[in-house]
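Me: I would like to go through this structure with you. Could we start with how its parts are arranged?

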Amino acid sequence: MASWYGYIGKLLDVDLSTGVITEQELDTGLVEGYMGGKGFGARILYDQLPTGCDPLSPDNILVFATGPLTGTFAPASGRFEVCTKSPATGLWLDANCGGFFGPELKQAGYDGVVGRGKASDPVMLVIEDSSSELRPAPNLWGEDVLRTHQLVKEQLGREFRVTCIGPAGEKGVKYAAIISEYRALGRGGAGAVMGSKNLKAIAVKGTRTISVHDSARFMKTCREAFNELAIHPDTGGGRQKYGTNVILSLMEEVGIHPVRNFQKAMFEGSDRVNEDTIVNLYVRNKACFGCPIYCSKIAEVKDGKHKGSYTEGPEYENVWAFGANCENADLGSIVHAEYLCDYYGLDGISTGGVIAFLMECFEKGVLTESDIGFSLSFGDDESIIKVIHMIGIREGPGELWGEGVKRIAEELDGAQDFAMHVKGLELPAYDPRGSSGMALAYATSDRGGCHLRSWPIGDELHATENRLDQMAVELKPELEKTQQDLFCLINSIGMCLFATFALNLKQITSFLHEVTGIEAFSSSHELMKTGERINNLVRLFNIREGLTRELDTLPKRFFEEALNEGLSKGRVVDLEQLMKEYYSVRGWNPDVVPTGEKLEELAIKE
Ligand code: SF4
């Protein structure tokens with residue numbers, strides 16, 4: 001048995017069909033080639049998932065994985081990943097989460113948990129100091145996320161860290177989230193996969209310490225990094241005061257903040273829903289494990305219809321999804337909408353995207369009041385709340401709405417032209433008509449329309465004072481590749497992506513080498529190769545599951561409808577050249593598959 005630093009050295013394999021739980025020793029090849037987190041998930045799913053399986057069948061596999069930094073003193077290193085096949089896209093899905101569950105899982109004795117099969121009745125997985133069991137959970141099934149957390153902690157003890165699904169996951173909403181103590185593994189429907197396995201919750205508790213190879217040097221590197229994070233403008237100051245909403249006004253200023261289901265880029269209600277108004281709702285700051293950035297906030301509505309409603313947030317993306325994208329300037333309803341997403345276990349971006357899409361369907365007469373049961377106009381805050389309730393329990397038309405924008409559009413004549421998704425995943429809060437980087441990011445993201453496989457707008461805004469460069473084609477494919485590979489790496493080591501705003505690759509390399517002592521982790525160049533390896537393996541997974549060149553694209557609106565206001569006025573996306581150069585930079589063939597030479601260079605075994 002190898003002894004490990006940084007890692008615990010074990011994965012827990014849980015067959016929910018048979019109830020058999022086994023421990024697996026970590027393999028050196030897996031560790032050195034794929035790091036942890038997303039990398040572990042990529043290798044396990046590529047090797048073990050039956051090709052073409054139904055994402056909501058017992059054949060699908062759910063991998064929860066930490067990284068070598070998870071639970072160590074490295075700053076912002078409380079992260080873990082879930083990886084599976086997405087019911088929203090039918091392709092690869094990974095989602096990342098902070099909080100405290102990841103570190104506790106390692107302290108409980110495991111680097112990750114692999115769930116497969118399907119329990120005959122609802123169960124909860126309990127892991128405590130290297131012992132684990134599946135317990136019947138009929139009392140939890142049907143409960144909302146907040147109550148489930150409460151019941152599990154009452155049953156097992158408050159020290160347990162909990163991850164669970166709500167009614168949306170149980171009912172197979174294709175964008176159901178897994179929630180861990182108010183933090184979400186949100187995008188792409190991992191909650192529905194967990195629900196399909198009758199796995200309601202995972203509770204972990206442990207007392208192990210995580211060994212570090214070179215503690216003296218590691219603590220010195222940590223101290224320097226903590227200082228830098230505290231003073232860097234992107235991780236200290238504004239982000240600490242405003243949370244993720246720190247960029248709200250900026251995104252509108254630079255012409256990429258979508259409004260009215262991406263029909264506009266200027267929001268008349270923005271003075272009522274901006275960082276300076278939201279900050280008045282914050283009652284306290286909160287941070288994930290070991291994080292000096294504490295971008296999380298607890299907000300409470302002080303007056304109006306939703307007085308008393310509270311949430312951990314509201315996050316920038318949700319403020320946009322239930323605000324500008326639905327043309328809703330009622331801040332109380334936005335907080336309440338985010339609360340309801342936590343309550344039912346829903347992804348906020350997709351839920352808001354579905355509602356904005358339904359509002360445009362209503363505006364254009366594709367849906368009528370008799371189809372919906374009430375009117376659903378842009379700006380109608382009360383209807384937003386009603387729709388979330390209907391989706392959360394799939395009531396009435398909420399049954400179809402729980403399928404997501406792509407499938408709803410397939411059912412409605414005339415709705416395809418404004419169905420704002422990529423590969424079945426609803427889009428986040430950046431209009432690609434104002435950023436060629438974001439256009440490329442959405443079109444090439446491994447899990448569909450997403451801003452967390454890369455975030456080139458950050459570099460575009462930092463790199464130039466002339467905003468026209470946001471639309472330049474030059475250097476964007478290279479930037480996209482570098483960011484995607486870096487984000488793959490970060491999502492594999494257990495660190496928060498926000499930390500990379502201030503920390504550089506050299507520091508991250510020092511952390512990894514000092515924590516693990518693994519020689520292969522001492523070279524920044526090799527670490528970026530590892531990120532690239534993970535990215536290419538996920539590409540192979542997606543190709544096997546049916547991804548084609550045609551799906552690497554954007555909604556029609558971005559090619560044909562120019563914005564008529566704001567700094568992106570008159571612009572549409574021209575993707576062709578960007579894609580051609582991106583594939584070439586990636587070393588992928590004309591069918592957009594990694595070439596044999598590329599696989600050899602990255603030492604990827606198929
Ligand atoms: S930056 Fe925010 S999301 Fe990231 S670990 Fe810190 S508190 Fe959590």
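Reply: A word on terms comes before the layout: the domain bounds used here come from an automatic or database domain assignment. The model itself is predicted.

Me: Fine. Which domains is the protein divided into?

Reply: There are domain 1 (10–205), domain 2 (239–415) and domain 3, which is made of 432–501 + 523–601. Taken over C-alpha atoms, the centres of domain 1 and domain 2 are separated by 26 Å.

Me: How many residues does the contact take from domain 1 and from domain 2?

Reply: Domain 1 contributes 31 residues and domain 2 contributes 24 residues. On the side of domain 1 that touches domain 2, α4 (145–156) and α5 (167–170) each supply at least two residues. The most comes from α5, with three residues. By class, that side of domain 1 has 18 nonpolar, nine polar and four charged residues.

Me: What share of the residues is buried?

Reply: Buried residues account for 58% of the 606. The largest nonpolar core holds 181 residues, of which V63 and L358 touch the most other members.

Me: What does V63 touch, then?

Reply: Not counting residues up to four places away in sequence, V63 touches F40, G41, I44, L45, V82, C83, T84, G112 and V114.

Me: Now the ligand. Which residues surround it?

Reply: The surrounding residues are A76, G98, A287, C288, C291, I293, Y294, C295, S296, C496 and F498. This shell divides into nine nonpolar, two polar and no charged residues.

Me: And N491, where is it placed?

Reply: N491 is in helix α20, residues 476–493.

Me: Is N491 buried or exposed?

Reply: N491 counts as buried because it has 30 C-beta neighbours inside 10 Å, and the cut-off for buried is 20 or more.

Me: What is N491 in contact with, beyond its neighbours within four places in sequence?

Reply: Its contacts are G37, K38, E81, D94 and N96. For G365, which is 126 residues from N491 along the chain, the C-alpha separation from N491 is 43 Å.

Note on methods:
Residues numbered from 1 in each chain as written. Predicted model: local features only at pLDDT ≥ 70, side-chain atom pairs only at ≥ 80, totals over all residues. Contact = placed C-beta atoms within 7 Å. Helix = DSSP H or I, 4+ residues; strand = E, 2+ residues; numbered from the N terminus. Nonpolar A, V, L, I, M, F, W, Y, C, P; charged D, E, K, R; others polar. Buried ≥ 20, exposed ≤ 12 C-beta atoms within 10 Å, placed from the backbone. Core = buried A, V, L, I, M, F, W, Y, C linked by C-beta atoms within 7 Å. Near = placed C-beta within 6 Å.
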